[in-house]
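Okay, quick one from me today.

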Amino acid sequence: MTNKKDVVVVGGGGAGSNIARLLSRQLNPSMHTLTLIDARPFTVFLPATVRMAVTDEGSLEDRVLIPFDRLLSKGVGEVRTGRVVAIEEERPGSGGHVVLEGGERLHYDALVLTPGTALEGPLDYPFTKEEMLAFIRDWRQKFRDANHIVLAGGGPVNIEFAAEIKEYWPEKTTTIVQSRNLPLHPSYPDRFRSRVEKECRTRGIEFVFEDYLDQEVPKDGAVTTRSGKRLVADMVVVSTGGTPSTEFIRNFDANVVTERGFVRTNPSLEVVTHPGVFCAGDVVDNEERNGLGKYERHAAVVVANVLDHLNGRALSKKYAGSVDTLALIMGKSGGVAFVNVFGGIILGNWIMWLLLSRTMFVPQARRRMGY
Ligand SMILES: Cc1cc2nc3c(=O)[nH]c(=O)nc-3n(C[C@H](O)[C@H](O)[C@H](O)COP(=O)(O)OP(=O)(O)OC[C@H]3O[C@@H](n4cnc5c(N)ncnc54)[C@H](O)[C@@H]3O)c2cc1C
């Protein structure tokens, strides 16, 4: 038993690794402990995972799965591999324990929750490095073997999948079944969604709009949509946005998790009614769509407020939102992006090629992790 105050961060993905790194620079090791817990022994840099799933070119797994060993400042904090299954709060504001699978309990005075989203199909990753590499190999083989790929859901992930498939095998057919009349969510302007449709069609990607695909396994070389349309298929990829990994938070307090699994916070990114418990990243219940750029701002707010909480001060920072952006990597040669400034700017293939499509920001992600 020490007099140090304990800070625990659950989840070392896009938001949590950033928060843990910043905390390790600002906490005083003579007064605080810091523990980052992730279910995997490495972080997965998601923006590069679609290409990693499709091709072994460049052995992306060697750079996209990034270990935690260089993340934290020397001498401050530790990273644990484990799955948090429960939170036990002493009294609101008085800290408590997180419980790991297997029963170990870790004390916290301040807790940061960034468990992200569990994804589907080729992105529904297992937990050990060995299982992960086997999983990636299996999916690459499936993509290599398939000739007619139908993708259920017309969101960003499936658009990127279809484009990467076309990049490597232009002769394979790719058809996206989308419930709406254009790709993406209607919160994006139609002119951007139409541009995305055009960029897809230019690459040979086909669409079935205003329809659904429930069938995940083709039968007799085809799948049938909800409206009865038969599509030639030997592989189906489902990406409908995933599910927030917040079951353990719901079990802690069902009132702080929405029906869809998002966590209710106040503007300080503190979980409502639970002082000293903070939340960031994909699982925060707000109008924003997911994006790593926003989580730098989440991190700045959470880190300042964790320090305030530990020092018994009123929380000083509020999250005021970020500029909405969406960048679609469509193979190595380009893509299309939307930046919601000046009424909405669309960036096309050339700028995407220059900035993103070749490297997918992997070098920057590795630098952030200390590599
Ligand atoms: C294919 C794809 C492409 C994308 N492209 C872009 C892009 O170009 N630009 C952009 O800004 N954003 C992009 N995003 C979104 C971005 O990657 C996510 O918004 C971001 O990674 C979310 O960060 P997070 O920390 O909330 O969750 P994650 O990054 O998902 O991290 C959550 C972490 O928590 C861990 N975890 C979960 N539950 C537990 C538990 N119970 N115990 C312990 N650990 C747990 C997980 O292992 C994981 O490491 C993309 C996402 C995908 C899927």
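So, H1 and H8 cross in a right-handed way, meaning the near helix is turned clockwise from the far one by less than a right angle. This is a predicted model, so local features need pLDDT of at least 70 and side-chain atom pairs count only at pLDDT 80 or more, while totals for chains, interfaces and linings use all residues. Residues are numbered from 1 along each chain as its sequence is written, and side-chain values use heavy atoms, with hydrogens and water left out.

H1 is residues 16-26 and H8 is 292-310; their axes come within 9 Å and cross at roughly 40°. That makes the pair oblique, the class left over once you take out under 35 degrees (roughly parallel), over 145 (roughly antiparallel) and 65 to 115 (roughly perpendicular).

Who's touching whom, with contact as heavy atoms within 4.5 Å? On the H1 side you've got Asn 18, Ile 19, Leu 22, Leu 23 and Gln 26, and they meet H8 residues including Tyr 295, Glu 296 and Ala 299. By type, the contact has nine nonpolar residues, two polar and one charged.

Asp 220 isn't a glycine, yet its phi is positive, about 50°. You'll find Asp 220 in the loop between strands S13 and S14, and it's exposed at 67% relative accessibility (exposed is over 50%, buried under 20%, partly exposed in between, with a 1.4 Å probe and protein chains only).

Thr 273 has a positive phi too, near 70°. Thr 273 sits in the loop between helix H7 and strand S18, and is exposed at 58%.

Conventions
Axes are lines fitted to C-alpha atoms, for helices over the stretch in contact, and angles run from 0 to 180 degrees between N-to-C directions. Helices (H or I, at least four residues) and strands (E, at least two) are DSSP runs, numbered from the N terminus. Contact means heavy atoms within 4.5 Å. Ala, Val, Leu, Ile, Met, Phe, Trp, Tyr, Cys and Pro count as nonpolar, Asp, Glu, Lys and Arg as charged, and the others, Gly among them, as polar.
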